Amino acid sequence: SSGINAECPLRPGLLETLASPDNEARNRGEEQYNAISIEQRINLLLSAIDTSPQPHLRAFAAILLRRLLTNSWEVFAVSSEETQNAFKMKLLEILKRETDESGRKKVCDTVSEVARNLQDGDGNTNWEELLKFMFYCCNSGTPQHKESALSILTSVPNVFGSAQENYLGLIKEMLFASLNDPDHPNVRFSAIRATCAFLTGLEEAEAKLHFSEFVKPMLKGVEDCVIAEDDDGPLKSFVELAEKMPKFLRPGVDQLIEFALRVIANTNFADNWRQLVLELVITICESAPAMI
């Protein structure tokens, strides 16, 4: 049988060979891998993410699975509903328990890829369990769970589809709590990215109406992120938001300019950070000069 749940005729160690730095070994591995049907590859990779004791191989399998689904979604799409549901449940179960940071991020990317492909033209998500899972993660006491939910929202900001309006109150709660997380900077930084991605999908008037109280905690998070000089992703997301809807930032514009000028003038900050902060100020000046 060639269904997605069919047993895989795979010798152990194929995944290691595919990840091998030795070209010849890797080419042999790729030949073997490509000789297996796509259904069985999907199965093999899901099983490897689920059971491999080595974190780097779980992460590698998640990358291969995401690529395979991107390039061959139609093969997955024609499998039975039962098979698809089992696959989706297993993927969420794996994400919930993955503790390796790199592996968790790669599984998040795979989940996001599945979510994107499941959406239909009418904005139906066709993966109700994922939405429940995201709310579960955001209410979890585990910061990694929160980061996973926020990462999926960043990758697929329209993940709620046509149900978004019904969920708006919950989405606001989830983002606001994460932006104000007192103990976990990474949750706050992930929340900035997710909030910027989500807001960019709204009309400016709608964003101002429902999310104006988010400006202050977002700014605080951006300041913390600049001071930490660790990950510039949240700041880049903020620059994009400023370009798309500068008027949304009006409640915090004085605070933002004051902080930006301090950073630009302070040579203790690395040049690339000062450059990014300058870009933020220039973006606001160009997009909404009347606000300055």
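Helix H15 runs over residues 253-265 in this predicted model. At 1.5 Å a residue, its 13 residues should span 18 Å. The end C-alpha atoms of H15 are 18 Å apart, which agrees with that expectation.

H15 has a buried side. Its buried residues are Val253, Leu256, Ile257, Phe259, Ala260 and Val263. They cover an arc of only 170° around the axis, so they sit on the same side of H15. The face turned away from that buried side carries the exposed residues Asp254, Glu258, Leu261 and Ala265. What covers the buried residues of H15? The cover includes H13, helix H14 (233-244) and helix H16 (271-287).

One of these covering helices, H13, spans residues 215-228 and contains Pro217. Is Pro217 buried or exposed? Pro217 is buried, because its relative accessible area of 11% falls under the 20% cut-off. Leaving aside neighbours within four places in sequence, Pro217 is in contact with Phe176, Leu179 and Asn180. Pro217 and Ser178 are 39 residues apart along the chain, and their C-alpha atoms are separated by 9.8 Å.

Phe176 also takes part in aromatic packing. The model holds 9 aromatic pairs. Among them is the pair of Phe176 and Phe214, which is tilted, with 5.1 Å centre to centre and 55° between the planes. Phe176 lies in helix H10 (residues 164-179), and Phe214 lies in the loop between helix H12 (204-211) and H13. The pair therefore ties together parts that are 38 residues apart in sequence. Phe176, Phe198, Phe211 and Phe214 form one aromatic cluster.

Two cases are set out below.

| Charged residue | Ring | Distance from ring centre |
|---|---|---|
| Arg41 | Tyr33 | 5.1 Å |
| Lys172 | Phe211 | 5.8 Å |

In each case the charged residue lies over the face of the ring: Arg41 over Tyr33, and Lys172 over Phe211. Phe211 is a member of the aromatic cluster described above.

The largest nonpolar core has 94 residues. Which residues touch the most other members of this core? They are Leu130 and Phe248. Not counting residues up to four places away in sequence, Leu130 touches Leu92, Val111, Ala115, Ile152 and Val159.

Key: Residues are numbered from 1 along each chain as its sequence is written. This is a predicted model: local features need pLDDT of at least 70, side-chain atom pairs count only at pLDDT 80 or more; totals for chains, interfaces and linings use all residues. Side-chain values use heavy atoms; hydrogens and water are left out. A nonpolar core is a set of buried Ala, Val, Leu, Ile, Met, Phe, Trp, Tyr and Cys residues joined through side-chain atoms within 4.5 Å. Buried means under 20% relative accessible area, exposed over 50%, partly exposed in between (1.4 Å probe, protein chains only). Contact means heavy atoms within 4.5 Å. Helices (H or I, at least four residues) and strands (E, at least two) are DSSP runs, numbered from the N terminus. The expected span of a helix is 1.5 Å times one less than its number of residues. The arc is that of the directions from the helix axis to the C-beta atoms. Rings of Phe, Tyr and Trp (its six-membered ring) pair if their centres lie within 6.5 Å; planes under 30 degrees apart count as stacked, over 60 as edge-to-face and the rest as tilted. A charge sits over a ring if NZ of Lys or CZ of Arg is within 6 Å of the ring centre and within 35 degrees of the ring normal.
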